[in-house]
Each structure stands twice: as C-alpha cells, then as structure tokens.
Amino acid sequence: MLTIPVLLENDSYDVAVGDGVRHHLGQVLRELRGGAPKQVAIITEQAMIDAGWVHDLVIDAATVICTIEGGEASKSLSTIERLCTELVEAGLSRNDVIVGVGGGIVTDVAGFCAATYHRGIRYVSVATSLLAMVDAAVGGKTGVNLSVGKNLVGAFWQPSAVLCDTETLHTLPPREWACGRGEIAKYALLRGEGGEDLLDLDLHEQVGACVADKAMVVSSDERESGRRALLNYGHTLAHALETIDLEGGASLDLRHGEAVAIGLVFAAELAFDLGRISEDRVRAHRRIVGGLDLQGEIPRGLSAAHLVDLMGRDKKANHDLTFILDGPAGIEVVHGVDGAVVRSSLERVGCLP
Ligand SMILES: NC(=O)c1ccc[n+]([C@@H]2O[C@H](COP(=O)([O-])OP(=O)(O)OC[C@H]3O[C@@H](n4cnc5c(N)ncnc54)[C@H](O)[C@@H]3O)[C@@H](O)[C@H]2O)c1
Ligand SMILES: [Zn+2]
C-alpha cells in the first residue's frame, strides 16, 4: 500500500493506494479526528453494490446506504436535495460521516452533500474508478452541474481520508480506464520534460505519482487562487464539449476523461497558433495522448463559434477567454486569449465556422 499525505494548513489527510484498501475503512472511521461516528451514510451507485464493492465494507456504526443514478445528469442539485432529505430521514447528525464509494460522479456528489448537509459534516472517499483515484477524489473540490454548464455549483470541502482501492478496478469497463488515462495524460504533460516517464510506471506507482503531483499542487494552493488552476489543463475545451451534452441538443456521448484528452491536444494546437510553442511540443502532446491509447480529435460537425461561446462561460474565465497553455515558461494560465484566434484554431483542426 502506498500512502500519500495531502498537507494542508488545517486538517491534512492521507490518500491510501492499493489492492483492497477499502477494508481499512473501519479503522479510518474509528480513528477520525473528532472521534468515531455513531452513524455513517454511504453514498454510492447501484453499479458499485452490484460489483460487490460495498457489501464487504466493515463499519462499526449504524450504516445507511443511499444510491444515485450513474451519469453526469445525476450530478445535479435535485440529486443533492433528494440525498439530503434521505439523510435527515435516516437521522444523520452533524457528528456523523458521509462515505462516497464510486467514481468521480459519486465523489463529487457525496463530497458536496457532506459540504452542505448541516453546513458541513466529515467526509471519506473510497475511489473506485481510475479517474477518481488519480484526480476527482483528491483535493476537496466538490460540486454539481447545471444544465448550462459543468461543475458550476460547488464547494471546497476536504475529505478526512481517501482510499483508492485498486482491486475495484477489476470490474471497471475499458472505456472508463481510458477516461482515467485522460487525466494521467494531463499529469504527464504538466510534468514537462521527462513527463512521459509517468507512462512507464506500473498501475500502483502511476496512481501514487498522480496523487502525489495533485497533493503537491493542492497543498500549495488549496482554494485555487493561483497554481491549482493548472490542474485544469485541457479542461477549457473539455468542459465546453461536455456542456453540449448537458444542454441536451446534440449528443456527443463524451465522458469527462475523453473530453480532457481532446482538450489537451487542442490546448497545444492553440498554443502553437499563438506562437507560444513549437510543432515539436504539439507532437509531444499528441504522442502522450496517443501513447495512452486516447483519441485527441474534436468530434466532427461542431461549430467553432458555439464552442468559443461555451468556453467564455468557463469558471476560470474572468469575463474573457481563459486557457491553460504551454509556452516558453512552461504551462500557465493565460487570460484574455483572442476569440478570433481560438475560432481559427478550432476551424484549422476541423470545426465548422
Ligand atoms: N472534483 C475534482 O477535482 C474532479 C476532478 C476530475 C474529475 N471530476 C469529475 O469526475 C467525474 C468523472 O468521474 P469518472 O470518470 O470516475 O466517472 P463516473 O463516476 O461516472 O464513473 C465512470 C463509470 O464507471 C462506473 N464505475 C466506477 N467504478 C467502477 C468499478 N470499480 N467497477 C465497475 N464500474 C465502475 C460508474 O458506475 C460509471 O458508470 C466528472 O463529473 C468530472 O467532472 C472531478
Ligand atoms: Zn478533469
């Protein structure tokens, strides 16, 4: 088992990575700061119960299980309202604990529930998807979508512990493995020169390395007033692509990690058009994305103008177009990117005007 500390000013916590680490949940709950809870609410998806990753959790406290539907559509305020109602009906108190068992959708929803229920109760995350392990479950960003965009309502709420149980990956569908690799590609690129070495590590080391990279950034900027925004590399276009699905007009059927892979390649193409990086560096982006067996092309038939409009709504944007872009000084946040250049880059890589 690997243990990676996330060091924070208040309430640091550990992320455990390894086969079967979910069986440490009982001990983690007993040893929580603030004392062992009398009651625990597990928030999960039926799919996790069916896969067998919930029934063998041993918890020495009264336990209630609440389920949510899978998919981005259930990462919503109405899900939060329903869950909080169920928690009240189950009698969960301020001193009790919510445990999220699942992928990034469950950990975002369960974390946001914990952040807001009774104005905030303790939260433990058991990550079961590769994407949740390397990214979503760690770092304390929680929240839900609106129909007009991704992750627009949320809170910073750090977990008290995170368990990344790699044994649960045995039932993860191949497409979801690819989604996790979308975020791994991001970490490899954020590492700069030599980042490709991340691709050669075995699974446990790779998850541990990504968690350690994220922990370092989160420790230095817990509430994203600066450096933490770099973790959104590739996400400006990714969130716009995901919003097309949330709006319900067209269906791209893109998962988060797939959208991130596309966003990473586009970020390089845009940086090239802005004269920030060489063709070599664009090729390095394509090599890393391709090396992880991911597809970096924007789906056909999308309008560049519509994508630019959606990207203007991104949370990082301050009434302008904001991208995380590679450049001579490495990867950095760039505000005020010219919309006309973004449009022409999108058209160059195959979008309609
Ligand atoms: N909070 C953050 O910092 C952060 C970071 C990155 C991504 N995210 C969010 O995470 C979400 C994506 O997470 P995801 O890719 O894990 O999606 P997900 O939670 O939908 O899980 C993917 C699919 O895999 C299934 N699944 C999960 N674990 C399984 C297992 N062990 N066995 C069988 N099936 C399993 C789920 O039922 C689901 O169908 C997005 O909403 C994204 O915005 C948040
Ligand atoms: Zn992401």
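Predicted model: local features only at pLDDT ≥ 70, side-chain atom pairs only at ≥ 80, totals over all residues.
**Group meeting: helix packing, domains and the ligand shell**

On its side, the contact uses H235, T236, L237, A238, L241 and E242. Facing them in helix 9 are H256, A259, V260, I262, G263 and F266. By class, this contact has seven nonpolar residues, four polar and one charged.

Helix 9 has another partner to mention, helix 12, residues 339-348. What angle do helix 9 and helix 12 make where they cross? Roughly 120 degrees, and their axes come within 10 Å. Helix 9 and helix 12 are therefore oblique to each other as well. The crossing of helix 9 with helix 12 is also right-handed. From helix 9, the residues involved are E269, L270 and D273; from helix 12, they are V341, V342 and S345. That contact divides into three nonpolar, one polar and two charged residues.

Next, the domains. The protein is split into domain 1, residues 2-172, and domain 2, residues 224-348. Their C-alpha centres are 29 Å apart. How many residues of each domain are in contact with the other? Eight from domain 1 and ten from domain 2. On the domain 1 side, strand 8, residues 149-156, gives the largest share, three residues. The domain 1 side consists of two nonpolar, four polar and two charged residues.

Last, the ligand. Ligand 1 is surrounded by 31 residues, and the closest are G103, G104, I105, S129 and A136. Which elements give two or more residues to this shell? They are helix 4 (104-116), helix 5 (130-136), helix 6 (174-190) and helix 9 (256-273). In class terms, the shell has eleven nonpolar, twelve polar and eight charged residues. Both domains take part, since domain 1 and domain 2 each supply at least three residues to the shell around ligand 1.

Definitions and conventions. Residues numbered from 1 in each chain as written. Chains lettered and ligands numbered in written order. Near = placed C-beta within 6 Å. Helix = DSSP H or I, 4+ residues; strand = E, 2+ residues; numbered from the N terminus. Nonpolar A, V, L, I, M, F, W, Y, C, P; charged D, E, K, R; others polar. Domains from an automatic or database assignment. Contact = placed C-beta atoms within 7 Å. Axes fitted to C-alpha atoms, helices over the stretch in contact; angles between N-to-C directions. Parallel < 35°, antiparallel > 145°, perpendicular 65-115°, else oblique. Left-handed = near helix turned anticlockwise from the far one by under 90°.
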